[in-house]
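Open the model in your viewer and keep the selection tool at hand. The tour goes stop by stop.

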Amino acid sequence: MTQPLPASDLTQLPFGMTAASLDECTSDAFFPSDQHVRALEFMGQILWTRAGFGVITAGHGCGKSLLISQFLQGLDDRFVVAAVSRENLSPRDFLLEVLQQFGFPLQDSEKTDRRRLLERFLHHQAALHRICLLVVENPQQMHPSVLEELRLLAAIEVEGRRALKILLLGQAPIHRVVESPRMAELLAGGTAQRFSLEPFSEDQTAAYVAHRLRAAGVSDPDSLMPHTLMSHIHACTGGVPLQINRLCERALICAADDNARSVTPAALDRAVAELGWQARAIQTRAVRDSRRWGDVAEVSGQVVISMQGMPDREVRLDHDRMLIGRGEEADVRIDSVFVSRYHALIVRHEGQDLLLDLGSTNGLLFNSRRILRRVLKDGDLIQVGPARLVYQNPLAVAPVHPDPAETICFARPGFPAIAGEEDVSGTVIAFGHASPPGTAGR
């Protein structure tokens, strides 16, 4: 028989591990979800191709620090790495931090020309056939003068190649850094590759909770935190790992206080109340109940459009069909040569907004993958040419059953083509609903 949860053992459970710094992250805490594995592949691609810049965006608490820690642990002595996470730095302090991360025993008081020293170091490492990598977290919060130093470092070349690989990690405003006029001039060759790390789905949330419990030595996670609670946990946390940790940790404490053998619905509800998340729970319960009884919650969504990282406009989805394209007849018009005249369509179907690619040339990108069809969820970010569309609808959460017809199309294994690489767009992999032969990718 399962024993009650002892409060003294709760500190051994992994949900309290928030990965406050890179040094505190451990391999056991890393959850290899599908998108986290793709993010690791993306970073590896930055290192092994001519791409000099990589950008990973993720909301607060989605595990950027843990992700980069896992990636750096897998590098060998062919790589020299500097990781900067401090935000309130002057330009000279930023250069000093980079030099110290690269192994220079410099002191704050030394009058060395730090940029010149870094340039000589990069040339020396290139001669030794080593790859220098600089990881910068939250550059969107750094002073413009510090970003200028970053730009100058990124521009250093050795024999026609960039001497320094750079990975930027941050929240959505990071795109303003990359798309600023000075940085855009540096990246005119299209060498900045981007990846968006999204919150977990409900299934991923359940797998994540089980993973963290097993990492703490729990042989049967379901007996401690039943799978029947996962829908509620996902709904109240939005699938954000940090929020999942907070709720699960509090739920375990509440269960221990009740002398229970596992986390009960009552313990979880009390944890939600103690965190002040009742509004989330009420909203989610209403949506779940409406779906259970076949009702359709008719709440119009909207798309928030940004161009070059700057807010452009908001468009209400108040019709059953909304055309996205370059033509004047489009409901959501994007004036760009990279957008087809009839690019995509948002269709209202059974109370959900369905996004369809209309056979466009450059396609729709979701989480760095080309999609042909997707049931939109609140917070979805879709790339349409130079425009970024964020779908907003608080009631548009993950459906009870996944859309069996959702289709994803890869022009290459998981990523858009990189400038300078051989064109492999002739290879198309599509999966989703069955299509007649020869129609994949339409």
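Begin with the face of helix α4 turned away from its buried side: select R116, R120 and A127, which are exposed there. Keep in mind throughout that this is a predicted model.

Now select the whole of α4, residues 114-127. Its end C-alpha atoms are 20 Å apart, in agreement with the 20 Å that 14 residues should span at 1.5 Å a residue. Next, colour the buried residues of α4: R114, L117, L118, F121, L122 and Q125. Look down the helix axis. The buried residues fall within an arc of 135°, so they line one face of α4.

Then step just past the helix to H129, where phi is positive, at about 60°.

Move on to the aromatic rings. The structure holds seven aromatic pairs. Select F31 and Y208, an edge-to-face pair with 5.7 Å centre to centre and 70° between the planes. F31 lies in the segment before α1 (34-48) and Y208 in helix α8 (residues 202-215), so the pair ties together parts that are 177 residues apart in sequence. Both F31 and Y208 are buried.

F200 pairs with Y208 in a tilted arrangement: 5.2 Å centre to centre, 45° between the planes. F200 is buried, at a relative accessible area of 4%. Y208 has 4% relative accessibility, so this residue counts as buried. Together, F31, F200 and Y208 form one aromatic cluster.

Jump to R374 and F366. The charged end of R374 sits over the ring of F366, 3.9 Å from the ring centre.

Next, helix α10, residues 230-237. Is α10 largely enclosed or open, and why? Six of its eight residues are buried, so the rest of the structure largely encloses α10. Select them: M230, H232, I233, H234, C236 and T237. G238 follows α10, with a positive phi near 70°.

Finish with the cysteines. How many disulfides are there? The count is zero. Select C248: its relative accessibility is 1%, so C248 counts as buried. C254 is buried too, at 1% relative accessibility.

Methods:
Residues are numbered from 1 along each chain as its sequence is written. This is a predicted model: local features need pLDDT of at least 70, side-chain atom pairs count only at pLDDT 80 or more; totals for chains, interfaces and linings use all residues. Side-chain values use heavy atoms; hydrogens and water are left out. Buried means under 20% relative accessible area, exposed over 50%, partly exposed in between (1.4 Å probe, protein chains only). Helices (H or I, at least four residues) and strands (E, at least two) are DSSP runs, numbered from the N terminus. Rings of Phe, Tyr and Trp (its six-membered ring) pair if their centres lie within 6.5 Å; planes under 30 degrees apart count as stacked, over 60 as edge-to-face and the rest as tilted. A charge sits over a ring if NZ of Lys or CZ of Arg is within 6 Å of the ring centre and within 35 degrees of the ring normal. A disulfide is a pair of cysteine sulfur atoms within 2.5 Å. The expected span of a helix is 1.5 Å times one less than its number of residues. The arc is that of the directions from the helix axis to the C-beta atoms.
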